[in-house]
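Here is a friendly briefing to read alongside the model. Please have the sequence and the 3D view open as you go.

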Amino acid sequence: MRPELGVCYYPEHWPEAGWAEDAARMAAMGLTWVRIGEFAWSRMEPVPGQLRLDWLDRAIEVLGAAGLKVVLGTPTATPPRWMIDRFPNMLAVNAEGKPRKFGSRRHYCFSHAGYQDECVRITEILARRYASNAHVAAWQIDNEYGCHDTVLSYSDAAQQGFRDWLAARYGDIAALNRAWGNVFWSMEYGSFDQIDLPNLTVTDPNPSHVLAFRRYSSDQVVRFNRAQAEVLKAHTDAPLIHNYMGRVLDFDHFEVGDDLDIASWDSYPIGFLSERLDLEEGHKHTFLQQGDPDMQAMHHDLYRAVGRGRWWVMEQQPGPVNWAPYNPAPLSGMVRLWSLEAVAHGAEVVSYFRWRQAPFGQEQYHAGLLQPNGRDAVGADEAAQVAGDLAKLGDLTPAQARVAMLFDYPSDWAWAAQPQGSGFSYFNLILSAYKALRRAGLSCDFLPSRQRDFSGYDLILAPGLAVLPPDLSDALSASGAQVVLGPRSGAISDDYHVPDAGRPGVAGLDVHVDLVESLPPDHTRAVSGGGQVMHWQEQLSGAAEVLLQTEAGAPVQMGSDRLSYLGAFPDEVLWDRILGAAAERANLSFMRLPDGLRIRDMGAHRFAVNYNAHAVEWNGARLEPCGVAVWKDGAQVL
Ligand code: GAL
C-alpha cells in the first residue's frame, strides 16, 4: 500500500478563473486527491428542480485534468433554505423541545422521511451525471453525522418513528412494559401511541426507555446513510466513504460502516484537546500546540475497524482551527507528524482541510494550506514535506496487532442513561486503557462487540461493555488470549435490567459484583503495590483468585491467569501494572516509552512520533521536537 495525500476544496467559493492554477498547485505540492461538493446544494439546485451542474462539470474537469482524483460529496448536510419552506418540520428538535434553525448546517432530523427522499433525489441526480466520470474516483456521503450534537432529535417525526420502531421490536405493549419494568413508578402504557420521547420528564426517565431511544436514533443514521449508499451503488463501483468525527458516539459507526467501503474521519488534534477531552489542565498545557498524544491514534485505530481495514483521514487540521474555546497554532512540525502518524496506523489517504482559508462565512479564522490571498500557509510546506517522506517510505504493509480492545457504541449510551457518578464515561475509560497500551509501546486493533473470531490476538481488553452476551464471553474465554473484562462489563441486560445471572455473569469466572460505588474526583483509593482506584469501585466476591486489592483489602481485579475481571477505574499507574501483568502472561514484549513519545508497528516498519516540544533520544535515534522517525526491519529509513 502507498499512502497518498489530498485536500478539501470548494470551487464554488472561488472565481472559476483561478481553478486551474489551484489544481496545478495542488498537484505540485504532491497531492493526488481532492474532495469537493459536500456543502454545495444551493449552487447545485438554487431553485427546487432547477439544476445548475455545469460549474461542477467544469470544476471536476479542471481538477481531473491536473491529474487529481476527485471525491465527490453528496450535499445533504446543508439543505438549502427552500428545503425548509417545503418541509418546515424537517428541522431537528433539541431536548428542550426547540427546533434548530436554518443558518448554519446539519439542520435536519434523521427521522424526517420527506427530507430523506430529497437526499435520495439529489444523490440520484449526481450519481447519474458523474458515476461514469473518470475523474470521480470516490464518493463521500453527507458530512460528519452527529457533529454539532445532531443525532438525537425530539421532533414529531422522531416520535412517530420511535413508536413504530418499538412496535416492531416488542410486538405488544405488555411485552414492552415488562421489558422496561414500567410497573416502577406506574409508568405502564396501554398502547404504543402513548409513548413519548424521553425528554422533558420531571426527573430521570426510565433508562430502558432512554436506551431504546438511543438505539432507535442510531438506526435512523444507518437508514439515512443506507438510502444514499444504495442509490450510489446502483450506479458506481467507486468506493463510498463517510467522514466521521472525533469523540462522537451517538450512533453505531460499525453499522453505518457496513454500508460503506472506506471509513474516514476528521482529525483536529488541537481543537479536540481543548474542547473534547476531559484531561488534566497540566497535560492540556503541555500539549496545547500538539494535541493529546493518543486521541488521534485511538481514532485511527477505531476507524480502521469501522472501515474493515480501509480508512482515511478526510480532514486533517493544517493550522489553527476556529471552533474550539482556544485555537493555538500547531508547533512547527506537527502537521507533518499528524500526517505520518495516520500513515503509521494504516491510512490510505490523508487529506487536509482546507485548500485556501475562507475569507467569508463562519470559518474565517480557520487556517487552510493557503492563506485567503493565496500565499502558502505553514501547512502547505509541511504537506509538501510529507509528500517527500511518503515517496521515501514507499510501500507499507498493514499487519494485525497482537492486542485488541473491544469498542461498543451502545455501551456509551447505556452508561450515559444511568451514569451513577459524574466525572467519568465509557469514552474516558477506553481512552485511559488505550493510553496505557501506548505508554507500553503496544499497537492495538479495535474490534466491534459483535466480533467472535479472536484468532491472532494474545491480549484482549473489554472494558465497560455494558451488555456482555454469553456467546461473546464464551468466545473470549475460548480465544486462548489474555482477557481483561470490566469495570462495568455485563452490567445490564439488553433491555436495561440487572442481568438474571448477576453482574458480570460470565460462565467460568467465579466473580460477583455485589455493589458499586462512585467516588468524587478528589477521592482515590490506594492499591497494594502501587496505583489508585478512582471514580468507580465495585465490591467483588467469589472464588476466583484476587489479583489486585486495595490497601484496605478490597479486591480490585479477580480471575485466573487467562480471564480476569477488573472492578474499578484505574489511574495511570494502576493501568500500567494491570497491562504489564497481562502482557507478560501473554508473552508480549512491552516497554516504558518516554513521556509524549509514541510508536506504532506496521508490518516491517516501526514509526515513532515525538509529541513533545523538546527533543527525545530513543532507539538510537534523536527525535527533534515534534519529530518523526521510521525504521524498516530495524534500520532507520526516516
Ligand atoms: C469539520 C467539518 C468541516 C469544517 C471543519 C473545520 O468538522 O467537516 O466542514 O467545518 O470541521 O475544522
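How far is an oxygen atom of the ligand from an N or O atom in the side chain of R105? The separation is 2.8 Å, inside the 3.5 Å limit for a polar contact between N or O atoms. The protein buries 98% of the 310 Å² that the ligand exposes when taken alone (Shrake-Rupley areas, 1.4 Å probe).

This is a predicted model, where local features need pLDDT of at least 70, side-chain atom pairs count only at pLDDT 80 or more, and totals for chains, interfaces and linings use all residues. Residues are numbered from 1 along each chain as its sequence is written, and side-chain values use heavy atoms, without hydrogens and water.

**Around the ligand**
- Residues with a heavy atom within 4 Å of the ligand include F39, N143, E144, D266, Y268 and H366.
- E315 places a polar side-chain atom 2.9 Å from a ligand oxygen.
- For W323, the corresponding distance to an oxygen atom of the ligand is 2.7 Å.

**Strand 6**
- Strand 6 covers residues 262–267 (strands are DSSP E runs of at least two residues, numbered from the N terminus).
- I262, S264 and D266 point one way and A263, W265 and S267 the other, and all are buried (under 20% relative accessible area, 1.4 Å probe, protein chains only).
- Strand 5 pairs with strand 6 in the parallel sense over four bridges (pairing needs at least two DSSP bridges), and I241 has I262 as its bridge partner.
- Strand 7 also runs parallel to strand 6, joined by five bridges, with W312 opposite S264.

Definitions and conventions:
Buried < 20%, exposed > 50% of the residue type's maximum accessible area, 1.4 Å probe, protein only. Polar contact = N/O pair within 3.5 Å; in protein donor to acceptor, adjacent residues only side chain to side chain.
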